[in-house]
Amino acid sequence: MDFRLDSDQELIRQTAKEFAEKEVEPLAAEIDRTHAFSWDLFRRMAELGFTGAGFPEEYGGSGGDDISKLLIVEEIAKCCASTAATLCIHQVGPYGIYLFGSEEQKKTYLPPVLSEGKVAAFALTEPTAGSDAGAVKTRAVLDGDHYVLNGSKCFITGGALAQTVLVFALTEPDKGLRGMSAFIVEKGTPGFSPGKTENKLGLCGSETAELFFNDCRVPRENLVGQPGKGFAMAMAILDSARLGVGAQSLGISQRALAESVKYLNERVQFGRPIGAQQGLSWYAAEMKVRIEALRGLVYKAAWAKGAGEQYTLDAAIAKYYGAETACFCADLALQIHGGYGYMKDLILERLFRDSRLLKIYEGTSEIHKVVIARSVIGLK
Ligand SMILES: Cc1cc2nc3c(=O)[nH]c(=O)nc-3n(C[C@H](O)[C@H](O)[C@H](O)COP(=O)(O)OP(=O)(O)OC[C@H]3O[C@@H](n4cnc5c(N)ncnc54)[C@H](O)[C@@H]3O)c2cc1C
């Protein structure tokens, strides 16, 4: 067992670190303040090959393994969690097309979103189908050479900006979960329109939108994979997406610790640096332990995926522990900074707000405990 990064992974990490520190960090506070999606940063990430990281070059990807892909997310999340989330969730729909799509679908739809600066989205959640993703109501009815989609989606990251959306809809409602299928829907398709963009607590630079389908006619060839396999496909896609949340958590947690260490050394109260107070120094120790444990969980899950092992449980553990760790570290870091941590002048309150979503999206912490418990206890 070798815990070191190889030279390719180290190079990618270094490139991402430089990009994050030089190009993302200076814009991060403004992106958060204005709730603005940064097309400039997104296109730069496409130029650098980040939007296509982990995908084969023949489909517009830039190659690299799963750990490399996560290293990029981790480095960016240290500076701007919104940009890291945008990058991660952008890749979710394309990953589904890559895993389950036909050769023609991969050649047609992947290059624009992996390397040409177009955004992609993954649309599963609906107003009545959140944790219970199988309760989707959007219908897709075959009519000649087209499927006709009717329904709506909510909380879709990049939804209003996306060129290509992977949409889940019921083709055979009587069959419940086994009646769900996946479709590629392109921006501008008649009957497909974005609704309101959400005003969020955190990750403000990552766009979140409603989507509506009103007699939206999608060519039959846009069905991805087998009809009726949509739910199983969505779950497989989300296993991979959860590693991305683990990497976002790792980045946020490390930034929280780095800020804390600086302040513990600089801030003087009662005639000495506050880090000399044992109680406060233990906060740093607790963060460090959790971060190292999280790193092991995230990289191990990514390794298992890359090795072709069954990694659902590893991904669920990494996602669950990641969200808990990021919230823990962001909260303690804010506490260490006292009143200054609560002010918008410093990054602490942004880390605190941004980290909070990690317990909710890509499956809540409660649902992850359900998944982990089922696996541990052996329940179906
Ligand atoms: C900013 C943001 C971005 C998102 N991006 C996307 C996206 O790009 N694509 C997409 O498809 N979705 C996206 N989502 C949706 C996200 O995955 C859901 O919000 C999440 O799965 C929870 O669903 P819900 O919000 O409906 O909560 P609910 O499912 O209504 O849950 C409410 C509460 O009940 C708990 N709960 C529910 N069922 C159980 C149970 N069986 N056992 C224990 N506790 C339970 C939950 O944990 C939660 O605490 C996004 C959400 C947000 C907020």
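Predicted model: local features only at pLDDT ≥ 70, side-chain atom pairs only at ≥ 80, totals over all residues.
The crossing of α1 and α11 is left-handed. On the α1 side, the contact is made by A28, A29 and D32; on the α11 side, by E349, R350 and R353. Sorted by type, the residues of this contact are two nonpolar, no polar and four charged.

Now the second pair. Helix α4, residues 81-90, packs with helix α7, residues 230-266, at an angle of about 165 degrees. The axes of α4 and α7 are 10 Å apart. Angles over 145 degrees count as roughly antiparallel, so α4 and α7 are roughly antiparallel to each other. Their crossing is right-handed. From α4, the residues A81, A84, A85 and C88 meet G244, Q248 and I252 of α7. In this contact there are five nonpolar residues, two polar and no charged.

Last, one residue. Where is D66 placed? D66 sits in helix α3, which spans residues 66-79. Is D66 buried or exposed? Its relative accessible area is 17%, and under 20% counts as buried, so D66 is buried. Leaving aside residues up to four places away in sequence, D66 touches A302, K305 and G306. With K305 there is also a polar contact, side chain to side chain, at 2.8 Å.

Terms used: Residues numbered from 1 in each chain as written. Heavy atoms only, no water. Axes fitted to C-alpha atoms, helices over the stretch in contact; angles between N-to-C directions. Helix = DSSP H or I, 4+ residues; strand = E, 2+ residues; numbered from the N terminus. Parallel < 35°, antiparallel > 145°, perpendicular 65-115°, else oblique. Left-handed = near helix turned anticlockwise from the far one by under 90°. Contact = heavy atoms within 4.5 Å. Nonpolar A, V, L, I, M, F, W, Y, C, P; charged D, E, K, R; others polar. Buried < 20%, exposed > 50% of the residue type's maximum accessible area, 1.4 Å probe, protein only. Polar contact = N/O pair within 3.5 Å; in protein donor to acceptor, adjacent residues only side chain to side chain.
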